[in-house]
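Work through the exercises below with the model open beside you, and try each task before reading its solution.

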Amino acid sequence: GADGVTVRWMFNADNSYIMMLPDGTSLPGSWAREGGDLCVTPFGGGETQCAPIVDGKAVGDTWTVQTDNGPVTVALVAGRP
């Protein structure tokens, strides 16, 4: 994140995800592709948030996206921690 914190997102084929916070907390939710966006909705309430899908990326790639809170580095990593 823009604050230097690493958050891991693990996306599953059944359209669920788990977001792992640095303190070990896991937050589940669902994801969907809506047009050219990836949208995530936390389980138990919370707003759906969408971001443009960046084409042409593969495992091992790293790139930066601009958010309302500043730049965020994204890395596409295979497997699970």
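Buried means under 20% relative accessible area, exposed means over 50%, and partly exposed lies in between, with a 1.4 Å probe and protein chains only. The model is predicted, so local features need pLDDT of at least 70 and side-chain atom pairs count only at pLDDT 80 or more, while totals for chains, interfaces and linings use all residues. Residues are numbered from 1 along each chain as its sequence is written, and side-chain values use heavy atoms, with hydrogens and water left out.

**Exercise 1.** Classify Asn-15 as buried, partly exposed or exposed, and describe its backbone.

Solution. Asn-15 has a relative accessibility of 33%, and therefore counts as partly exposed. Its place is the loop between S1 and strand S2 (16–20), where strands are DSSP runs of E with at least two residues, numbered from the N terminus. Although Asn-15 is not a glycine, its phi is positive, at about 70 degrees. Most residues other than glycine have a negative phi.

**Exercise 2.** Determine which geometry the rings of Phe-11 and Trp-31 adopt.

Solution. Rings of Phe, Tyr and Trp (its six-membered ring) pair if their centres lie within 6.5 Å, and planes under 30 degrees apart count as stacked, over 60 as edge-to-face and the rest as tilted. The count by this rule is 4 aromatic pairs. Phe-11 and Tyr-17 make a tilted pair, with 6.1 Å centre to centre and 50 degrees between the planes. For Phe-11 and Trp-31 the centres are 6.3 Å apart and the planes stand at 85 degrees, so this pair is edge-to-face. Because Phe-11 lies in strand S1 (residues 8–11) and Trp-31 in strand S3 (residues 26–34), the pair ties together parts that are 20 residues apart in sequence.

Definitions and conventions. Helix = DSSP H or I, 4+ residues; strand = E, 2+ residues; numbered from the N terminus.
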